Amino acid sequence: MAAVSQSGGSKVASPRKSLFDDRRILVLFLLAPVLCFFIVFNTIPTLWLLGLSFHNFSLTSGMPPEFIGFRNFVQIFYNKNNIWADLSRTFIFVGSAVSIQTALGILLGFLFWGSKNMPGRRIALTMLFTPMVLTPVATGTFWRFIYDPTFGVLNAILRGLGADHPIDFLGDPTFAYWAVVAVDCWMWTPFMTLMTLAALGSVPKAELEAAEVDRLPWWQRVRLVIWHHGKFIIMLGVLLRTIDSFKTLDLIIPMTKGGPGQQTRLVAVELNKQAFESFNMGFSSAYAVLLLLISIAMTSVFIYVLNLRRRKDSAAGGET
Amino acid sequence: MNAESLKRKGYYAVLWLTSLLFFAPVAWIVMSSFKTRNDILAVPPKLIFSPTFDNYLDLLDRNTSFVLQFANSVVLSLSAVVIAVVVSFLAAFCFSRFKPKGTNFLMFILLSIRMLPAPAVILPVYLMYANFGWKDSHIALILFYAMFSIPFSVWILKGFLDGVSVRFDETGLVNGGSWLHVIFRVVLPQLKPGLIAAFIFNMIFVWNEFLFNFIVGGVSTQNIPYALAVGTYSDGGLNWTFIATLTTIYIIPPIVFIYLFQKYLLAGMTFGTVRGEV
Amino acid sequence: MTQSNHPEGRNRFSLPRRKLLKGAGAMTAAAALNMPIASRVFGKEPHPLAGKKIDMSILGIAGWLPSSLGVKMSPLFNEYVKEKYGYEVEFAFAEAPFSDLFQKAATSLATRSQEYNIIISDSQWIGALAEPGWILQLNDIIAQNQSLQLDWYSQTVVDTYMIYPDGTKNIWGLPQEGDTIALFLRKDMLQDPAEAAAFEKKYGAKLPQTFEDFEDLTMAEFEKVADHFNRPDDQIWGTAMQYSRVYDFVTCYLYPFMFSQGGEVWDAATAQVEGILNSDINAKAMEQMKSWLKYQPPGAVNYGIAEQIDVFTQGKVFSCFQWAAVGLAMITEEMKDKVMVVAPPKHGTGADARRVYTMGGQPWVINAYNDQEKMRVAIDFMNWWYQPETTLEFARRGGNPCDKPTLTRSDFDSINPWNQAYKFMLEPGRSRDFWHHPKYAEMLAVQQEAFTSYMTGQTSDPMQALTYAACQQQQILVDAGSATIDPTRACITANL
């Protein structure tokens, strides 16, 4: 494909010769802005982070950074705080939140897909998508209010249903974690619905009609036609949700601040505490580097799965 | 009325109820913005109340920086996202058409900034900005937000461009157009859904961004999420009327966007594999 | 980087800029500006800034009434300097909530920015702000400005808002708002004769009625009162305290249980925590505080200042342990005649019963990176703030001044309903502040987790929570070079 366009480019005797006829200059021109951005706002900070992670540097001590080798990393795993607990909490959070969102999102996506003639569908979908555009700062605060045992509407409903004692959703260690997961699901299930609708939209009509003509049972239709075309987008949705829920912070801060005790202390919450409450810049950098490595590992797995599908596809379909 | 249409009606009712259920907490916030403080804190919570517009008048009256904050929200998010989409489009075109060496690696590494929890990104960027004296500067904030919006935009647009046939490029070139002509006049117009999707998705992020604005921004760059965080408490108490009112105002633009561009949003997310209709 | 780290602030003389600052304190500033001036105190010569217009910016605590009073009263300062010195000031204000203010201040000051010229800091941050040289040491300035040489109400004021490190004479802040914990009560319920009779019948004791009654009250006695008014079926509870994980909330409310019964949180001289914080007295104190939850509304484990105000003003609780600073928010218009404010009860029994509560409140601190003009205005501002008229106006609008002349005015107690309790608690020995150490934030974060973990029931043994906090803090202080003894082996297994 590239070869075709290349030859096309050189064959043309353009009357208006321009600098960009040289392929290398064109590529450079197209990539320069993104590379500039990338170097200034991504590479430099990342290197900075990496460098700091080997230093003892507290913003509030007034001392210049002091090189301490791997001591920050050692401290993360030894006695400074309990990173394993934070990590396992985070993974359970990611696992449960993302799977609930995916399951529910796909279900809703299918339901809405089959309702093209529903009156007010556009409004209903807009309402469904609203949670994910709310400002998280305010959302967390308001959910705390909804969950409140004294003034909260949720406990009022429970009372109406005959509950004797109000439930302190965010203060009781039995509920707090799942109360936070629930809010995350409320906020992001619509996103998975959106991805599902997009995925379903990418299924060729002709194939669906053919499946109908063949009277394939519904699960066969889903497996052979819909999943085949839609899985890339759905997997991408799952990838984005996984990355994002791994770094959940702004919902938790107003709701529980990592409490009760350490119940909802996810890695991002702990990192925020170390960096911007304690101002341990060196230690937090090391923590951040670790998180980056974990994220890269997680994402690589996803991308590998995604690419696998694409490679298979192109191997089967060939180039046009 | 036959059974089939009754079933249909039930089906629609379920969908509507689900939408309403997801919308209910938002509706609660919107309702609260028309309540007095005492009505908000009433036990049991009030569904029926006499609405008041005082909160809105109060907000404009008391929060003297509202106009500045709202303007900042608009300026920061619009300019950042527009820059990001333009830059991403150029890069995505290059990745899609010329596939320079390391395309896959670059695409992947671009995502890395999205993988880090916000404090991990902010920490080095803050130190960098502090050293360069870029704190409390609109341009510096816009550029950072743009950087944050680029990876996702590149991904969406690259997927989309892959779906736009190279025949268009060839025809354009054969007809004597320059590459610039092909890129901006031939290919760009076909990308509308992708551009809109990239625009909206990144807009949602920048529109609601708080932490970076709080730490790297300053008095002159404060946006509405900043105002929400700072105004949560007033005179020692939780300022429920303020939070409800400001949230309600602030959520209107994104809702309008979603309503108007819903079609593109769904199509744009298909990453170029769009073939059917949504 | 040209900064050094002497806590004594000797570094002030190593920096050219700082030299200017020193001068900015008084007449030398005028010399630096090449303006002939004999003495600004007497105002005979023109002020060096006369005719100018200066932009100033103050960083304060969002939603904190006394902070916003500083804002609201600033037009008075504008008038004052315009008339007296002939220059104009335009104030801008930035705010951040309690938990984020230090973050906001530190991230700005670390860039040597004069984005915020004057800052309302929380008392415990003085160390963290002073240590890197971000704020101005005020000794010279106080020496040169008579109106800053005030007679403070008690040594507690000086220790809490001005001095760092503890026990030295280095002054870094000036009290903006004094604050202590007070007990807010529903007077209408308390003074109902039927309630008094019922109480006497049930407990065989008299229901305390006056400020003086409460002066002698112990927690054990108050528990009966709280129990008496605790009526969950009517949606009214006995009392409310703070148990929240946010900022220093649970800490400030647990410390009175510890301090009053002889518990300590560290040895300030050696920075030793382990073995001191995790003492039996403190473990007992934690149990006691947790047991008070039964007289409080469900959800009290998440109560902070704001939540308490909500339940109190909505009539859900009979009483509330609350900062005197938010008195204005606690006593709403409709509650005006129904609330009385008394000193919080003593802990312990008989002659041993004592009360040592936590200090609240905030000092003013001045950005060390201010240029000469801003520095001059900042110092003028301080001089104005402590004018007797200003201080009185501050009190009248709901603030709590700390100087003896104002507090000992005959009408002071009647200015605000909480003034008597505030003044009572400000007496020596009744309230105290905790660590001003630069590692304050880090130590606090660990401790808040540990305390709330116990209060919410996630950790069942108070000693376990205390040991965890003590070990972590010990390590933090060792890392910072303040403490010399490493955490003991017991710390290896300490966890929540």
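In the predicted model, helix H3 (residues 54-62) of chain B packs against helix H13 (residues 240-260) of chain B at an angle of about 90 degrees, with the axes 9 Å apart. Axes are lines fitted to C-alpha atoms, for helices over the stretch in contact, and angles run from 0 to 180 degrees between N-to-C directions. H3(B) is therefore roughly perpendicular to H13(B) (65 to 115 degrees). Asn55(B), Tyr56(B) and Leu59(B) of H3(B) meet Thr241(B), Phe242(B), Thr245(B) and Leu246(B) of H13(B), contact being C-beta atoms, placed from the backbone, within 7 Å. Four of these residues are nonpolar, three polar and none charged (nonpolar: Ala, Val, Leu, Ile, Met, Phe, Trp, Tyr, Cys and Pro; charged: Asp, Glu, Lys and Arg; polar: the others, Gly among them). Helices (H or I, at least four residues) and strands (E, at least two) are DSSP runs, numbered from the N terminus.

Residues are numbered from 1 along each chain as its sequence is written, and chains are lettered from A and ligands numbered from 1 in the order in which they are written. Local features need pLDDT of at least 70 and side-chain atom pairs pLDDT 80 or more, whereas totals for chains, interfaces and linings use all residues.

The unreviewed UniProt entry annotates transmembrane regions in chain B, including residues 66-93 and 195-220; such annotations may be inferred rather than shown by experiment. Residues 66-93 of chain B are 100% helix and 0% strand, with end C-alpha atoms 40 Å apart. For residues 195-220 of chain B the values are 77% helix, 0% strand and 30 Å.

The contact between the chains takes 86 residues from chain B and 88 residues from chain A. Helix H1 (residues 3-32) of chain B gives the largest share of the chain B side, 13 residues. That side has 66 nonpolar, 13 polar and seven charged residues.

Note on methods: Angles under 35 degrees count as roughly parallel, over 145 as roughly antiparallel, 65 to 115 as roughly perpendicular and the rest as oblique. Two residues are in contact if their C-beta atoms, placed from the backbone, lie within 7 Å.
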